[in-house]
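Me: Please take a close look at one part of the surface of this model. Then go on from there to what lies inside.

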Amino acid sequence: MLVKDCMTLNPVTINPDIPVAEALSFMRQHNVRRLPILNKKRKLVGIISEKDLLYASPSPATSLSVYEVGYLLSKLKVEEIMTKKIVTVSPDAPLEEAARIMADGKISGLPVMDGEQLVGIITETDVFKTILEMMGARQAGVRLTLHLVDEPGALSRITGHIAALGGDIVALGTFHRADGGGAMMVKVCGVERATLVEAMKAIDVTVADVREN
């Protein structure tokens with residue numbers, strides 16, 4: 001799966017010279033938490049988050065009057081507080097690469113650039129939604145967590161037995177356990193829970209967890 005398969009197309013953008021208060025209102029109007037910033041030539045020059053805007057606003061405990069607060073915010077422009085060192089990603093990058101960049105850099109969203117053109121934005125929410133889809137979270141079935149033996153053909157042996165039972169695998173993923181061993185999550189439709197568990201035991205696969213949803 002690539003970034004272009006999960007990103008939000010044609011993201012909402014703003015100009016760098018609009019007031020902070022207007023940017024915050026615009027953000028809430030469109031129900032987004034970050035805005036790419038384009039100059040008059042439609043070139044990406046920055047990005048700003050809701051947190052940036054809120055930190056720039058005076059505290060509710062301020063001694064300033066509402067008129068003074070309004071005046072200060074009317075003078076403060078987005079370009080004065082936006083992030084100018086922008087981390088971006090290509091639409092053809094693997095989704096896991098974008099997720100790694102966000103996780104390692106503690107970044108909540110990445111503008112997606114095709115050359116110098118902004119074509120989308122990918123956020124933590126987009127990644128979470130994709131994980132839900134990949135894990136079959138919205139589909140009914142029997143979900144098994146299996147401990148794997150580190151040997152060639154272990155995965156195909158398990159999926160082959162499920163197929164032989166007439167099972168439809170709707171989600172599958174492998175991961176490392178805390179103790180360093182391997183594990184697999186598989187979600188199956190069309191086979192009863194007890195039948196699946198017995199089938200895994202028959203091929204000496206440890207069933208660490210089983211549940212239906």
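**Surface and interior**

Reply: Helix α6, residues 124–134, contains F128 (helices are DSSP runs of H or I, at least four residues, and strands are runs of E, at least two, numbered from the N terminus). The model is predicted, so local features need pLDDT of at least 70 and side-chain atom pairs pLDDT 80 or more, while totals for chains, interfaces and linings use all residues. Numbering starts from 1 along each chain as its sequence is written, and side-chain values use heavy atoms, without hydrogens or water.

F128 counts as exposed because its relative accessibility is 52% (exposed is over 50%, buried under 20%, partly exposed in between, with a 1.4 Å probe and protein chains only). Together with M1, I131, M134 and M135, F128 forms a nonpolar patch on the surface. The accessible area of this patch is about 500 Å², by the Shrake-Rupley method with a 1.4 Å probe.

Inside, the largest nonpolar core has 15 residues (buried nonpolar residues joined through side-chain atoms within 4.5 Å). L144, L146, I158, I162, V186, L196 and M200 touch the most other members. Two or more residues each come from β6 (142–148), α7 (154–164), β8 (182–189) and α8 (193–202). Helix α8 gives the largest share, 4 residues. A second, separate core has 14 residues, among them M7, A93, A98 and V127.

L146 is in contact (heavy atoms within 4.5 Å) with residues including I158, V186 and M200, leaving aside neighbours within four places in sequence. In helix α7 lies T159, which counts as partly exposed because its relative accessibility is 22%. Beyond four places in sequence, T159 touches I169, L172 and M184.

Helix α2 (residues 20–29) has V20, A23, L24 and M27 buried. They lie on the same side of α2 because they cover an arc of only 100° around the axis, taken from the directions from the axis to the C-beta atoms.

Most residues other than glycine have a negative phi. N31, in the loop between α2 and β2 (34–38), has a positive phi near 55°. K106, in the loop between α5 (95–105) and β4 (109–114), has a positive phi of about 55°. N31 counts as exposed at 70% relative accessibility, and K106 counts as exposed at 77%.

Notes. Patch = residues over 30% accessible without salt bridge, like charges linked within 9 Å, V, L, I, M, F, W, Y side chains within 5 Å. Salt bridge = Lys/Arg side-chain N within 4 Å of Asp/Glu carboxyl O.
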